[in-house]
Amino acid sequence: MDKNTHQDRSGKRLTDYPRPSVAVDTAVLTIGPDGELMVLQVPRPGTRGWALPGTFLREGEVLADAVNRSLADKAGVHELHPRQLHVFDALGRDDRGWVLSVAHVAVVPAEWLADRFATTRMVPVAAPGRLVYDHREIIALAAADIRTRYSAAPDPDRLLGDMFTLRDLRLVHEAIAGQTLQRDTFRRAMEPQLRPTGDRVAVGRGRPAELFCRVVDQPSTDGCSTTG
């Protein structure tokens, strides 16, 4: 059926309804050198302002492609796999017109952002600065989302490698949480989801620390899974 002739129950065609512009904006989060949760920001062309990497959806383009295009073109970041977070649709959120933003979030190791454009910046999530539109709200929601995920599972975004010490795991979770976590409570919560590898690693002058990996359905021959 021709989409231009189809009518709904009120007798209107699809083209009779006003259409908003659709944008994508992505909160790319990582842990900084000082153990803070950081967010990637890009400069606004022709202004002194900052924003999350984003763009408008083009005709014939899916959201994921628009996200990847915006990250590459505006931040020099490639091969991430952001997931959809929320649709921001408040009226008047964008002074350019009626714009819906499909916000995305990606949590990645800092080294994945090493080749980002020099014009970009990494800013603490707790102090994101002055941003355009509702990008500050997007950052806050992205941080809350991953804090919920990290409260339930050991490093679900794999900021650490396949094997790690409990201390390293706790430090990552503290960076995500933005606060110190009680060691014994953290260990009791995470240990049921971890598998000891039988290996240890020297840490300072003390006894070598035990290495763990995440519990998954199909372990590899070394006791740890190589799949996510």
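View 1. Of its 21 lining residues, R44, A51, L52, G54 and K74 lie closest to its centre. Strand 1 (21-31), strand 2 (37-43) and strand 4 (54-56) each give at least two residues to this lining. By class, the lining has eleven nonpolar, four polar and six charged residues. The model is predicted: local features need pLDDT of at least 70, side-chain atom pairs count only at pLDDT 80 or more, and totals for chains, interfaces and linings use all residues. Residues are numbered from 1 along each chain as its sequence is written, and side-chain values use heavy atoms, without hydrogens and water. A pocket is an open set of points on a 1 Å grid over the protein atoms alone, where a 1.4 Å probe fits, with protein on both sides within 12 Å along at least five of seven lines; lining residues have an atom within 4 Å of a point.

**View 2. The largest pocket holds about 360 Å³ of space.** T165, L166, R167, R170 and R187 are nearest its centre, among 13 lining residues. Helix 3 (166-177), helix 4 (183-190) and strand 9 (209-214) each contribute two or more residues to the lining. Five lining residues are nonpolar, one is polar and seven are charged.

**View 3. The protein has four helices and nine strands.** Helices (H or I, at least four residues) and strands (E, at least two) are DSSP runs, numbered from the N terminus. Their order from the N terminus is β-β-β-β-α-β-β-β-α-α-α-β-β. The C-alpha atoms fill a box of roughly 75 × 45 × 30 Å along the principal axes.

Definitions and conventions
Points joined across faces, edges and corners; volume = space filled by probe spheres on them. Nonpolar A, V, L, I, M, F, W, Y, C, P; charged D, E, K, R; others polar.
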